[in-house]
Amino acid sequence: MTVAVTLEAVSCVFTSGGLAVKAVDRVDLTIEGGEFFTLLGPSGSGKTTCLRMIGGFVLPTAGRILIGGEDMTLLPPYARPVNTVFQDYALFPHMNIRDNVAYGLMVQGVGKAERHHRADEMLELVRLSGVGERRPGQLSGGQRQRVALARALINRPQVLLLDEPLGALDLKLREQMQTELKALQRQLGITFLFITHDQHEALSMSDRIGVFNNGRLEQVGTPQAVYNTPFTRFVADFVGSANVFDGERARQIAGADSVMLRPERIRLGAPQGARASGAVLDAQYFGSFSRVRVDWAGTSVAVDLNPQLLPELPCAGQTVHLHWDADAVHALRGVAA
Ligand code: ADP
Ligand code: MG
């Protein structure tokens with residue numbers, strides 16, 4: 001398999017008002033050709049800066065960036081085989097949709113007839129045939145998003161960079177676009193580098209995820225690996241819900257300094273054989289699951305239950321008994337920071 005993007009000890013320091021901000025801090029990363037790779041992290045963790053360095057819009061303070069095996073650290077954006085889809089779409093309002101999509105070809109000097117033909121093909125690919133004559137203002141948000149995608153793909157870039165492209169869409173549309181984006185990526189075989197702060201989006205779309213925290217990549221792995229075996233407390237907390245126990249409690253459960261137990265791995269059951277017991281603090285119904293919080297000798301433990309199996313939520317104050325399998329407990333490397 002070919003390597004699409006390599007970051008070697010890449011850092012980016014911004015200076016504003018005399019203060020240095022380490023937006024990206026010595027990041028090493030290899031993204032394989034044809035991979036759907038997601039950078040996941042909270043706002044301000046350095047995701048956009050990382051993407052902009054790969055696109056060539058920001059120069060790293062240190063380190064090297066290779067695309068398709070070639071050092072492109074200092075090349076301008078137009079000289080790189082990558083395109084970017086921005087969150088605000090950045091369509092040209094005065095141009096019709098076909099010309100928006102064909103823009104990259106026009107810049108390359110491709111003739112009008114071929115430009116239009118290829119733009120119409122791209123519009124068909126994103127299921128927008130028939131809107132070529134319209135202006136961006138005459139489309140819905142979801143449609144504009146597809147136009148931005150078609151425009152970025154028309155040059156067949158080696159790598160497509162997508163910076164929270166679905167952030168502005170409502171939930172239903174976002175879920176639909178997630179499925180379509182993934183299918184499109186498979187069909188085209190283009191490497192996608194996708195950014196999001198939404199763990200569900202990252203888990204459901206990606207081949208691999210890189211979790212960003214404070215300018216550093218804390219963990220890189222498949223969705224299953226990141227979710228089931230997080231390295232650190234931060235990753236455990238950020239990707240899904242987690243009960244994290246430290247100190248004496250952790251040593252008691254698993255003989256480690258810090259352990260994680262996912263709420264859905266805990267069951268309520270009989271007093272016999274229970275690993276813990278406590279009073280219910282509160283219970284909430286979420287439709288597909290119910291979350292019960294239990295006070296285990298001063299520590300609140302979240303338990304997710306299948307409402308089908310437990311139609312009546314336990315009441316606050318009721319004593320319940322917690323069960324889990326030994327393999328549900330996962331030791332974390334980092335103790336609470
Ligand atoms: P994310 O995309 O994960 O939200 P960013 O990469 O946009 O994070 O930002 C990372 C950090 O760098 C933040 O602290 C942000 O304020 C800072 N930052 C980003 N761009 C600039 C800039 N042009 N000048 C100064 N600081 C910046
Ligand atoms: Mg950002």
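Between domain 1 and domain 2 of this protein there is 1 salt bridge, a salt bridge being a side-chain nitrogen of Lys or Arg within 4 Å of a carboxyl oxygen of Asp or Glu. Asp246 forms that kind of link with Arg233, the closest N and O atoms being 2.7 Å apart.

Some housekeeping before I go on. This is a predicted model, in which local features need pLDDT of at least 70, side-chain atom pairs count only at pLDDT 80 or more, and totals for chains, interfaces and linings use all residues. Residues are numbered from 1 along each chain as its sequence is written, chains are lettered from A and ligands numbered from 1 in the order in which they are written, and side-chain values use heavy atoms, with hydrogens and water left out.

Now the domains. Domain 1 covers 3–236 and domain 2 covers 241–331; these bounds come from an automatic or database domain assignment. Their C-alpha centres lie 38 Å apart. On each side of the boundary, 7 residues of domain 1 and 7 residues of domain 2 are in contact, meaning heavy atoms within 4.5 Å. The area buried between the two is about 670 Å², with carbon and sulfur atoms giving 42%. Buried area here is the accessible area (1.4 Å probe) that two parts lose on being put together, summed over both. In domain 1, Tyr227, Arg233 and Ala236 lose the most area to domain 2, together 71% of what that side buries.

There are also 5 residue pairs in polar contact between the domains, both residues at pLDDT 80 or more. A polar contact is a pair of N or O atoms within 3.5 Å; within protein, one must be able to donate a hydrogen and the other to accept it, and residues adjacent in sequence count only if both atoms are side-chain atoms. The elements of domain 1 that give two or more residues to this side are α7 (223–228) and α8 (233–238). Helices (H or I, at least four residues) and strands (E, at least two) are DSSP runs, numbered from the N terminus. The largest share, 3 residues, comes from α7.

Next, salt bridges over the whole model. The count comes to 22. Which residue pairs with Arg174? Asp198 does, with the closest N and O atoms 3.8 Å apart. Asp198 lies in the loop between β8 (191–196) and α6 (199–205) and Arg174 in helix α5 (residues 171–188), so the pair ties together parts that are 24 residues apart in sequence. Asp198 is buried, at 18% relative accessible area, and Arg174 is buried as well, at 19%. Buried means under 20% relative accessible area, exposed over 50%, and partly exposed in between (1.4 Å probe, protein chains only).

Asp282 and Arg293 meet in another salt bridge, 2.7 Å from N to O. Asp282 is in strand β14 (residues 276–285) and Arg293 in strand β15 (residues 290–296), so this pair ties together parts that are 11 residues apart in sequence. Asp282 is partly exposed at 28%, and Arg293 is partly exposed at 31%. Elsewhere, salt bridges that share partners join Glu8, Arg64 and Asp71 into one network.

Last, Asn96. Where is Asn96 placed? In the loop between β6 (82–85) and α2 (97–107). Asn96 is buried, with a relative accessible area of 15%. A polar atom of the Asn96 side chain lies 3.1 Å from the backbone nitrogen of Arg98.
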